[in-house]
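Please look at the sequence and the structure together as I proceed.

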Amino acid sequence: MSPRAGNAGPHTLAFVESPVQLLNVLEWAHVHAPGAGLTLVVLSPVDPMTRGQLRRMAELAREEGYEVRWEEARGGASAPFQTIGGLMGPLRRAERIVMGDPFSRYVQLLLTITRARDLVVVDDGTATMEFVAQLARGERLERWHRRGSRPGARDLLFAPVSSSARRRLTPGERRRVEIFSSMPIDEAPGGVTVTANDFSWTRTRFGPPRITKGADMVGTSLVETGVVDGERYIDAVRSLAKAHGARRYFAHRRESTDKLHRLAVETGLEIVRPDLPLELIARRGPIGRTILSFPSTVVHTLPLALVGTDVRVAVCDINPEWLTRTASPRAQGFLDGVTGTARDVHRLSAVRAV
């Protein structure tokens, strides 16, 4: 039996769909529930790169002594029914539910089944900021880059489940809600406990890294989500790399193969597809003395993971001209807020795409 699986304490069921979510469950468990019986449930996506990173993170979780349950939750038309059916018992027995993505329809559906009184939302980056703001204002849960768009048929069909999930994520006399995050949270609803994720598990487990000369660049999926124009993005990366002497480009797991190929050919950058979340990659090293990024979660998390090192994180603003015509009306303000609230980063003006 693993050293933690048999420990006494409330049984905790954690649902994750990305490697970053799994990392932050480990961070939460390290700080807040080292003796709890924790079962990690991976609701596996279909994207190969995400699945690969999740496999590696699942190995680390098992090394820490936690049980990991891998669910092929999207493996065909019958997969959701099999997954939910198999989780009915654990969901009803769990005393605490930890989730990495409260916007996930899968997670929202599972919340309608559980009787747990303790609910924890662990850091999922910039999405956490938007979730807390929507919860505080009593709005329906919707990802920031889709705000302002007309709900589709599936959205309307799922609306009652989403509304039920929002109610369950609102604290009350018989329900406690915690937000565990490294992101700045200024308008948490009354009764919600907010605790800081300072990446202490990551810093204890890995590093310190070997630091190389020059700069590395962090990719973003803003093109893939329809926020930023692809041509403008490639031009901006080229300009940044030239200005700062960047050599490597750490791809986001959702970046398209075609775009990454163009970046390699047109910028000369070495494209790196990490097998772990970037916080762990940077902490293990080697890593450049300067890390260049556009507005994203890493401008908040990397300074925490790399505290005590000489690495500088620099973030480049998104030029409003780069936004697509279909981008949410809130996109520019949201991205500016991501950058403006980041601590211990060097802010770069938006480069002129050439």
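What percentage of the contacts in the chain with a separation of 6 or more is accounted for by residues 24 or more positions apart? In this predicted model, such residues account for 72% of those contacts.

Let me turn to the chain as a whole. Its 354 residues are 55% buried, and DSSP assigns 12 helices and 13 strands. The chain exposes about 15,500 Å², and carbon and sulfur atoms supply 50% of that area.

I now move to the interior. In soluble globular proteins, nonpolar side chains tend to be buried together. Here, the largest nonpolar core has 41 residues, and those touching the most other members are L22, V25, L26, L40, M57, L280 and L302. Helix α1, residues 19-32, contributes the largest share of this core, with six residues. Leaving aside residues up to four places away in sequence, V25 touches A14, V16, L38, L40, V98 and V122. Apart from this core lies another, of 30 residues, including M99, A127, L169 and I179.

My last topic is the second largest pocket, which holds about 230 Å³ of space. Its lining consists of 14 residues, and M129, E130, A133, P184 and E187 lie nearest its centre. Which helix gives the most to this lining? That helix is α5, with five residues; α5 spans 126-137, and α12, spanning 331-340, also supplies at least two residues. By class, the lining comprises seven nonpolar, five charged and two polar residues.

Methods: Residues numbered from 1 in each chain as written. Predicted model: local features only at pLDDT ≥ 70, side-chain atom pairs only at ≥ 80, totals over all residues. Heavy atoms only, no water. 1 Å grid on protein atoms, 1.4 Å probe; cavity = no way out; pocket = protein on both sides within 12 Å on 5 of 7 lines; lining within 4 Å. Points joined across faces, edges and corners; volume = space filled by probe spheres on them. Helix = DSSP H or I, 4+ residues; strand = E, 2+ residues; numbered from the N terminus. Nonpolar A, V, L, I, M, F, W, Y, C, P; charged D, E, K, R; others polar. Buried < 20%, exposed > 50% of the residue type's maximum accessible area, 1.4 Å probe, protein only. Contact = heavy atoms within 4.5 Å. Areas by Shrake-Rupley, 256 points an atom, 1.4 Å probe, with all protein chains shown as cover. Core = buried A, V, L, I, M, F, W, Y, C linked by side-chain atoms within 4.5 Å.
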